Amino acid sequence: MSKILPSNALLVFLCFLFYGKINAQESNQLSYNDSINFNKAKVFYSKRVYPKAEEILLTLKNKINEKDSTQFDLAFKTLKYLGLINAYTQRLDSSIYYLEKALLFANQKKLSDKFHEKGNLKNSISLNLFNSGKTKASIDKMNFAIADLEKAISHETDADNVLLIRKRLYACIENLGGFYRGIGDNQRSLDLMNYAYQQKQKFLPKNDLSLAKSDLILAHVHLIAMNYDKADMHSDNGLARIDELPSWKSYALLVRSSIYENMGDMENARISYEKTEDEYRKSDMPYTFGFLDALIEMSLFYSKIGHPDKALALAKEGYDYTHKKEFENKLLRFFQTQNLAQVNFQLKNYKDALRYSNEALEYFSEDNLRLTSLLDSIQNETRKPQSLLVNIKSKYFLEDNKSTSFLEHQIKETEKAITVLETKKSIIKSQGDLEVLLTDNTKLIDFRKKLHLDLYEKTKDEAHLDAIMNIHESSIYNRVRSRLNLKDLARFNIDRKIIQREDQLKQNIDSVLSSSTKIKDFIEANNKRDQFLDSLKQSHPKYYKMRYATLFESLGDLQKTIPDNTSIVRYFFIDKKLQVLIMNNEVKKIMPLDFEGAKVKIAQLLENQYHISQTSDLLFDLYKNLWKPFETEITTENVIIIPDGDLYNISFETLTPIKIDSFKELDTKSLLAKYNISYNYSLYLLEQSKSKNDYKNSFIAFAPEFNDKMKADYKLAITDSINLDRTYLKLLQQPFNVDLAKAYASLFDGDYFLNENSTEHIFKQNASEHKIIHIGTHAESNNINPELSRLLFAKNVTDKNEDGSLYAYEIYDTSLNANLAILTACETGKPGYQAGEGMISLAHAFNYAGSESILTSLWKVDERSTSEIIESFYKNINDGKPKDKALRLAKLNYISNTEGRTVAPKFWAGLVLMGDASPISISQTNHWKWILLIVGILLVLLLFFKFKQK
C-alpha cells in the first residue's frame with residue numbers, strides 16, 4: 001500500500017481513548033468554587049476546546065499550595081489534564097513537564113489508585129517521548145508504566161476496577177509494540193501485540209470489543225511486516241464485529257483492501273476499496289483528512305489495475321475539493337495536485353502529468369505555502385522530489401528526439417531532486433519517513449541510470465558507464481547509511497569522544513531547525529559539522545569512508561584490481577530491466593538480459609528445489625536467461641558474482657546448460673562443475689580484497705546449540721512474561737555445530753565456547769584476531785529492516801546490557817578481525833523493500849568490523865548437510881586451497897557421496913562465500929588428526945541416522 005494511517009498513530013489514539021474511560025471516576029476533594037471551575041475545564045476538555053480548558057486549569061494551578069496535603073488531589077488532576085492538553089496540542093515538552101509533576105502527587109493515593117495513576121501518567125509520558133523521537137527513553141518509560149499497572153491489579157480488590165486496569169495494561173503493551181514497529185523491529189512488535197491479544201482472550205469477556213480492536217491492529221502490523229496470511233485472518237476477525245465499532249469501519253476496510261492488494265487478489269481488493277469508498281461517503285462530512293488520503297490510495301490502485309476512468313475520477317475529486325475557494329489547507333491541496341499528476345503519469349497521460357506536476361511545483365514559490373519555521377521550510381522543500389520526478393519523466397516520454405543535449409539536460413534536472421533528498425536526510429525522524437525517502441531515492445536513481453545508459457548507447461562514451469555503476473554502487477552504501485543514521489545506535493568501534501562530538505553537532509542542527517527561521521543559521525550549523533567531517537577524513541579514514549565519503553571509482557581503475565584468472569559479473573536493474581556488466585583483465589562489457597518471466601522462475605525455484613522434474617526446467621531456463629548471453633566472455637576459472645534484487649535468491653552455481661535427469665548430474669553439468677564462484681555486494685570492494693592480514697590465532701568457534709535445558713533455564717529465569725523472547729524458545733537445536741566446534745578447535749589448535757558459555761558478551765570479547773571465526777548459531781537476515789538482521793546467542797539473564805541478539809548495527813561496534821567468518825545457519829526473511837538487503841547489511845557490517853570474507857547461506861539450510869560440507873571445506877582450506885575453490889570442491893564432494901533426497905540443491909546450494917577468496921595460511925596439522933576427525937564425524941552421523949530410524 002502506498003499511503004495509509006500509520007500503526008503508531010492508531011495506537012496513540014487507542015491509548016488516549018482508554019485513558020479517558022479509565023479515569024472517569026475521580027474523587028471530589030475540592031472546594032466548592034474550585035470544583036465548579038475544574039468541572040468547567042473538564043467539559044471544555046471533553047469538547048476539545050483546549051484553550052478554554054487550559055486557561056481555567058492554569059488559574060487553578062497558580063492557586064494551589066503544593067505543600068498543603070488537602071490540595072494534593074486538585075494539584076494531581078490539574079497537572080494531569082494540563083499534561084494531556086499539551087500532548088493533544090503537540091507541545092510535548094510542556095506535556096512531559098506537567099505529567100512528571102503530576103506523578104509526584106500520584107504517590108499520595110491509596111496503593112491500587114497510586115499504581116494505576118502512575119501507570120497512566122508514565123504511559124502518556126512515554127507516548128510524548130516517542131513522538132519526540134526519543135525511542136529508547138519511551139520504551140523504558142512504557143516498561144515502567146506496565147510494571148505499575150501490574151502492581152495496581154495485584155492491589156485492587158474490586159473486580160470491575162481490575163477489568164478496567166487490565167484493559168489499560170493491554171493497551172500499554174500494544175503501545176509498546178507500536179514503539180518497536182516505529183523503529184522497524186516488526187518481530188518484537190508482533191510478539192508484544194500477540195501477547196496482549198492472548199491476555200485479552202484469557203481475561204476479558206469473549207464479547208469485549210477490545211478484542212476486535214486488537215484484531216484490527218494486528219491486521220495492520222502483519223500487513224506492514226508482510227505476513228499477509230495472518231493479516232488476512234486478523235482483518236476478517238475484526239471486520240466480523242465492525243458494525244459495533246462504527247468509528248473504526250472506514251479505517252478497517254482500507255487496511256482490508258490493502259491486504260488484498262498486496263496479496264495480489266486485485267478483484268477482492270477492488271470490491272473492498274468500493275466498500276471503503278461507500279463507508280466514507282455515508283458521513284455527513286465525507287471529506288475528512290482520512291477520506292482525502294483514501295482518495296489518493298484508491299486512485300493509485302485503480303490506475304495500477306487498468307481502470308483509468310475510475311482512477312482519474314477519484315484523483316480529480318480530491319483535486320477539485322481541495323481547490324475550492326473556501327478550502328484553506330494549501331498543503332493538502334498540494335498533495336491532491338501531486339497525486340493527480342502521479343495518476344496521469346501511471347496512465348501514460350504524459351501531457352496532463354506534466355501540467356499537474358508543474359502546478360504542484362508552483363506550491364513551493366515563496367508566498368504560496370505559509371511557513372512558520374525553518375523546519376517547515378525544509379520539510380516543504382523535501383516534498384518536491386516526487387513531483388520533480390514525474391515532471392522530468394513526463395518530458396522524457398513526450399520528447400520524440402532524445403538528443404544528447406536533451407538527455408544531459410534531464411540529468412541536470414534530476415540533480416536538483418537529488419539535492420533535495422540529501423537535505424531531507426537531516427530531518428528524517430521515523431521509520432515511515434525513511435521508507436518514503438528510500439522509495440523516492442530508488443525511483444530517482446533508477447531514472448538517472450536510464451539517462452546515462454541512453455547516453456552511452458548514443459555516444460559509446462565510457463564515462464557514462466562509470467556514472468551508471470557509480471550511481472548504483474553508491475546507492476547501496478547510502479541505503480545502509482540512512483538506516484544506521486535513523487537508528488542512531490551503531491557506534492562504529494571508534495573513540496566515544498568522536499561519537500559525542502558528532503552527536504552534539506547533530507543536536508545543534510536539530511535545535512536550529514526547531515527554533516530558527518533563518519536559513520543562514522542552518523547553513524552555519526552544517527558548516528561546523530562539515531569542518532568536523534573534514535578532520536575525520538584524516539584522523540579516521542575507514543570510519544569516514546564508511547559513513548560519509550562520496551564514493552567513486554572508474555571502471556578502468558577497478559578493472560586493474562581484478563585478481564588474475566577472475567571475471568566479475570555485476571547484475572543490476574535499470575527501470576526494472578536487467579543489465580549485466582562483465583569485466584576481467586581484458587574484457588569490459590555491458591549488455592541487457594531478458595528478465596521477463598525470470599522473477600517468477602526464481603520464486604518457483606525457491607519452492608521447488610526438492611523435485612528434479614520441476615527443478616531441472618527452472619535451472620535450465622534461468623541459465624538461458626541469466627548466463628548464456630555472455631558465457632563466451634567468461635574465459636576464467638574464477639568468477640565473482642555481484643547480484644541485485646531478486647537475484648540474491650539464486651545460487652548461480654546450480655544453473656545448468658542442459659536439462660538434467662538427476663541432481664547427481666550437477667557435479668558435471670552445472671556452473672559449479674566449471675567455475676570457482678564467490679559473491680560480493682559491491683564492485684567497490686574489489687580493491688579492498690588486495691590487503692590481507694595474517695592473524696596469530698587460527699580458529700575460534702561459538703556454538704550455543706539451544707538445547708532443551710538452556711530454554712527451560714531461560715524460561716524459569718524470566719519472571720515477567722511480557723519480556724519473554726518466544727523466538728528463542730522456538731529455535732531448533734544445533735547438535736552438529738557443537739561437534740564441529742569441538743573437532744576443528746582441536747585440529748586447528750583453537751578454542752570454542754559452547755551452550756550457556758556461547759553468549760553475546762563472550763562472543764564480543766573473544767571473537768576477534770583469528771584466521772577463522774566459526775559462528776555455529778542461528779542468524780536472521782532481515783530484508784524489511786536490514787539493520788535488524790541478527791545473530792542469536794545463548795541467553796544470560798543476569799547481564800542487563802545484553803539480550804542474546806547481536807544485531808547488524810551492533811556488529812559495527814564489535815571487532816571481528818578475521819580472514820573468514822563462517823555463518824552457515826542464516827535464515828533469510830521474506831522480500832522487503834528490496835530482496836538481498838538483509839544479506840548486504842550483514843556482509844557490510846562484518847566487513848567494517850574486520851572480516852575479509854564470510855561464508856553464509858542464502859536460505860535456511862540443513863544442519864547435517866552443512867556440517868558435511870564445512871568438514872570438507874576445512875580440509876581443503878587446510879590444504880592451502882583458495883576459499884572459493886575449497887567451497888566448490890566441498891560441494892562437489894558432497895554431491896558425489898550423497899544419495900537420496902538430500903542431494904537436492906535445497907540442502908546444500910545455499911552456502912555461499914562473500915568477499916575475499918584467497919587462501920588462508922594455516923599451519924599444517926598431522927595427518928592422523930584428520931583421519932581421527934573424519935572417523936569421529938562419520939560415527940556421529942551414523943549414530944544420528946540410527947536414532948532417527950528408531
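Let's start with helix α4, residues 72-88. Of its 17 residues, 16 are buried, so the rest of the structure largely encloses α4. Buried here means under 20% relative accessible area; exposed is over 50%, and partly exposed is in between, with a 1.4 Å probe and protein chains only. Helices are DSSP runs of H or I with at least four residues, strands are runs of E with at least two, and both are numbered from the N terminus.

Two words on the source. This is a predicted model, where local features need pLDDT of at least 70, side-chain atom pairs count only at pLDDT 80 or more, and totals for chains, interfaces and linings use all residues. Residues are numbered from 1 along each chain as its sequence is written, and side-chain values use heavy atoms, leaving out hydrogens and water.

Back to α4. From first C-alpha to last it reaches 24 Å, close to the 24 Å expected at 1.5 Å a residue. That expected span is 1.5 Å times one less than the number of residues. After α4 comes Q90, with a positive phi near 65°.

What is the geometry of F72 and F105? Ring centres are 5.4 Å apart and the planes are at 65°, so this pair is edge-to-face. The rule covers rings of Phe, Tyr and Trp (its six-membered ring): centres within 6.5 Å make a pair, planes under 30 degrees apart count as stacked, over 60 as edge-to-face, and the rest as tilted. F105 sits in helix α5, residues 92-106, and F72 in α4, so the pair ties together parts 33 residues apart in sequence. Both F72 and F105 are buried.

Another pair is Y744 with Y874. Their centres lie 4.7 Å apart with planes at 50°, so the pair is tilted. Y744 is in helix α32 (735-747) and Y874 in helix α36 (863-878), so parts 130 residues apart in sequence are tied together. Y744 is buried, at a relative accessible area of 0%. Y874 is buried too, also at 0%. In total, the structure holds 42 aromatic pairs. Ring pairs also link a cluster: Y571, W627, F630, F652, Y675 and Y679.

Charges over rings, quickly. The charged end of K114 sits over the ring of F115, 5.0 Å from the centre. K795 does this over Y728, at 5.5 Å from the ring centre. The criterion is NZ of Lys or CZ of Arg within 6 Å of the ring centre and within 35 degrees of the ring normal.

Now α14, residues 289-304. This helix has 16 residues and reaches 23 Å, close to the expected 22 Å. Twelve of the 16 are buried, so α14 is largely enclosed by the rest of the structure. What do they pack against? The buried residues of α14 pack against α12 (249-262), α13 (266-281), α15 (308-322) and α16 (330-346). Just after α14, G306 has a positive phi of about 85°.

Next, the cores. A nonpolar core is a set of buried Ala, Val, Leu, Ile, Met, Phe, Trp, Tyr and Cys residues joined through side-chain atoms within 4.5 Å. The largest has 141 residues, and those with the most contacts inside it include Y571, W627 and L683. Its largest share, eight residues, comes from helix α35, residues 837-849. Apart from it lies another core of 29 residues, among them A269, L314, A315 and V343.

L683 has contacts (heavy atoms within 4.5 Å). Leaving aside neighbours within four places in sequence, they include M469, L555, I568, R570 and I642.

Last, strand β1, residues 566-574. β1 pairs with β4 (638-642) in the parallel sense over five bridges. Pairing takes at least two DSSP bridges between two strands. V569 has I641 as its bridge partner in β4. β1 and β2 (577-583) run antiparallel, joined by seven bridges. Y571 stands opposite V580 in β2. Two residues lie between the strands of the β1 and β2 hairpin, where D575 takes a positive phi near 55°.
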